[in-house]
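Thank you for coming. Please have a look at it first.

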Amino acid sequence: MIPDLTYISAPMVNQSDAPFRMLTRRYGATLTYTQMLDSHRLLDDPDYLHFHLRDLQSTHPDWGACTRPVVVQLCGNDPQMVVSAARCVEAYCDGIGAEPYHNHIVHTHLNLGCPQEHARQGHFGGYLLTKKDWPLVDSIVSAMAHSLTVPSSAKIRLCPSAKTTDFGRLLEHAGASWVTLHARHVSAKRRRQGAADLDAIRELKQALSIPVVSNGNVRTFSDVQHNAAYTCADGVMVGETLLGNPCLFSGEALRDPVLMALDYLEMCKRLAGVATLKTMQAHVRYILEFQCACRPWYSKFRLALNECQSVDDIEVLLCRRVSRWRGKASQLVHGAPRGHTGGEEEARGESDPEDLWDA
């Protein structure tokens, strides 16, 4: 069963933790991805497997509907190893209670787009896009599609030496349930070399009969709408912009960044041990940076955030020092970490963002 691909939270290294995935689902994402998981480590490193299984099983009564569906993204260059790793995750998730099937399905996904240096050295991710590696990719995707009980898919970039549409047809023939195209070329030094080629996504959509997801060129919700309309894709995946604005897919005005950060931290506290302190600090930094990077106090905030030793320290930083630095906004967040006493309109995040910034 293919999940709703309309609005997707992308896989991001050390940033696609369960609390963040739930936050994006709460505000409109129809599907979320885990970060890229190393198939070899899932099989050979018990601590690594346990950590990510704990992440996948994380839920809370208040946010049960935000937990799933989720796609587990795997990397690897050996068909049997990738399938064995997928089975580790598949078996665990199939054993979660007696909840409705669509709330607990985990879809497996092969990363064929990672541009990072470790992917080049390990010969996986975006470095399997050259035509000489297509038979290997075909065997991996085919093994996944024919060995697992959940749908398999692939995320790719533009092929360096052949038509991306031909590669898409290969993936479709191998059994991929859908394909996501980040329409840029792989580069370990520059993740985004110019704008994504939306024409390439539209061409891939026209060439395939399976769903195609578009990835790239999104900063606002209107960009999401334009991207979907222009490419005719079945869905839009967003990565880094969601880090700064986890509420992007709601289509609503920007919410107050301190309140968004506190919402995220509250989820982290309820799901203790799922997100590391470093991950929490990074998420809070991204959320405030998106709206407040040009504010005179932002550099002080960065330094203070790096010195925090716990989630409680981060909450104190946001509710006290940042509130004081922001001036007017302190009326919204002081003494109300979840925005319950800042006025009904402000708590819904409907105030003008300029009114929430430093006077």
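Predicted model: local features only at pLDDT ≥ 70, side-chain atom pairs only at ≥ 80, totals over all residues.

Let me begin with a question: does F301 count as buried or exposed? F301 counts as buried, because its relative accessibility is 0%, where buried means under 20% relative accessible area, exposed means over 50%, and partly exposed is in between, with a 1.4 Å probe and protein chains only.

Residues are numbered from 1 along each chain as its sequence is written, and side-chain values use heavy atoms, with hydrogens and water left out.

For the chain as a whole, buried residues make up 56% of the 359 residues, and the secondary structure comes to 19 helices and eight strands. Helices here are DSSP runs of H or I with at least four residues, strands are runs of E with at least two, and both are numbered from the N terminus. If we take the contacts between residues at least 6 apart in sequence, 71% of them join residues at least 24 apart, a contact being heavy atoms within 4.5 Å.

A search of the whole structure finds six aromatic pairs, and W297 and F301 form an edge-to-face pair, with 6.4 Å centre to centre and 85 degrees between the planes. Rings of Phe, Tyr and Trp (its six-membered ring) pair if their centres lie within 6.5 Å, and planes under 30 degrees apart count as stacked, over 60 as edge-to-face and the rest as tilted. W297 is buried too, with a relative accessible area of 3%, and ring pairs link W297, Y298, F301 and W325 into a cluster.

Let us turn to helix packing. How do the axes of α13 and α14 cross? Helix α13 (residues 257-270) and helix α14 (residues 277-292) have axes that come within 9 Å and cross at roughly 165 degrees, which means that α13 is roughly antiparallel to α14. Axes are lines fitted to C-alpha atoms, for helices over the stretch in contact, and angles run from 0 to 180 degrees between N-to-C directions; under 35 degrees counts as roughly parallel, over 145 as roughly antiparallel, 65 to 115 as roughly perpendicular and the rest as oblique. The residues of α13 that meet α14 include Y264 and L265, and those on the α14 side include H283 and I287.

Helix α9 (residues 164-174) and helix α10 (residues 198-207) pack at an angle of about 40 degrees, with their axes 9 Å apart, so α9 is oblique to α10. Among the residues that meet there are G168 and R169 in α9, and E203 and L204 in α10.

Finally, consider two loop residues. N14, in the loop between β1 (7-9) and α1 (18-26), has a phi near 60 degrees, a positive value in a residue other than glycine. C232, in the loop between α11 (221-231) and β8 (235-238), also has a phi near 60 degrees, and C232 is partly exposed, with a relative accessible area of 49%.
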